[in-house]
Amino acid sequence: MSQARQLTFSIFRYDPQDPNDKPQMVRYVITETPGMTVFIALNKIRETQDPSLQFDFVCRAGICGSCAMVINGKPTLACRTLTANFPSAEIKLMPLPGFELIGDLSVNTGKFMRELAERLQLWLHPNDTDMDIHRIEAPMAPEEAAKLYELERCVECGVCVSACATKQMRDTFVGAVGLMKIARFELDSRDSRTSDDFYHVIGNQDGVFGCMTLLGCQDACPKNLPHMQQIAYLRRKMTLSVTNL
């Protein structure tokens with residue numbers, strides 16, 4: 001039976017609320033166990049070595065998106081990353097760039113997503129203004145429902161935002177997550193907004209025409225969502241919209 005590996009974690013530590021604290025990388029060594037994920041390793045470090053270590057988690061199953069961080073240079077989910085994937089046994093952890101830092105590996109993705117939702121009005125604008133709660137909901141074609149469900153699989157982890165070169169250069173860029181959500185409502189037959197309405201929201205360099213098509217969002221997305229397909233779809237719709245103005 002082979003001996004268990006010793007894993008060396010180099011973790012970014014910094015508390016922005018402490019005026020005396022300075023950013024630093026701190027090393028921790030733990031023994032690897034079968035099936036260990038980076039998330040499990042972080043819990044082990046916090047339980048046995050440093051209870052002050054800050055990182056986020058909720059579901060531990062790749063559904064909530066809370067544990068996103070940069071692992072050996074790649075933004076991804078800690079709960080879906082096996083330590084066995086790193087032959088060198090050395091793992092470097094950094095917080096997601098592009099978000100407000102709460103502390104150590106914890107960032108405020110919730111604040112970003114809320115501001116994005118308000119900015120892009122990411123909610124259904126119904127065709128029918130009759131708000132009778134007792135009325136039976138109108139049925140939707142299975143084909144349309146399947147298309148909407150595919151885009152609803154986004155867990156708002158922020159990985160696509162951190163992997164986007166445009167977002168890192170221009171903070172006002174809405175990013176793949178914003179464009180994906182706009183595409184979801186553009187496809188929804190129950191939404192009253194037209195392509196012209198969406199053009200006035202994302203038809204600029206901060207929106208769909210600002211994407212440099214470097215595929216960072218597509219490559220990094222832990223849910224394998226069709227980011228580039230939807231961005232291309234929106235570009236065609238927005239181009240047709242401006243042509244018809």
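**A friendly note on a two-domain model**

1. Let us start with the overall layout. The chain is assigned two domains, domain 1 (6–106) and domain 2 (109–244), with bounds that come from an automatic or database domain assignment. Taken over C-alpha atoms, their centres are 30 Å apart.

2. A word on how to read what follows. This is a predicted model, in which local features need pLDDT of at least 70 and side-chain atom pairs count only at pLDDT 80 or more, while totals for chains, interfaces and linings use all residues. Residues are numbered from 1 along each chain as its sequence is written, and side-chain values use heavy atoms, with hydrogens and water left out.

3. Next, the place where the domains meet. Here 14 residues of domain 1 are in contact with 15 residues of domain 2, contact meaning heavy atoms within 4.5 Å. About 1,100 Å² is buried between the two domains, and carbon and sulfur atoms give 63% of that area. Buried area is the accessible area (1.4 Å probe) that two parts lose on being put together, summed over both.

4. Which residues form a salt bridge? E100 and K111 do, with their closest N and O atoms 3.0 Å apart. The rule asks for a side-chain nitrogen of Lys or Arg within 4 Å of a carboxyl oxygen of Asp or Glu, and across the interface of domain 1 and domain 2 it finds 1 salt bridge. Strands here are DSSP runs (E, at least two residues), and helices are runs of H or I of at least four, numbered from the N terminus.

5. A89, in the loop between β4 and β5 (90–94), has a positive phi of about 65 degrees although it is not a glycine. A89 is buried, at 10% relative accessible area; buried means under 20%, exposed over 50%, and partly exposed in between (1.4 Å probe, protein chains only). Q121, also not a glycine, has a positive phi near 55 degrees. Q121 sits in the loop between α2 (109–120) and α3 (142–152) and is partly exposed at 36%.

6. Finally, is D188 buried or exposed? D188 is buried, with a relative accessible area of 2%, and lies in the loop between α6 (175–187) and α7 (195–202). Not counting residues up to four places away in sequence, D188 touches L124, M140, E144 and L148.
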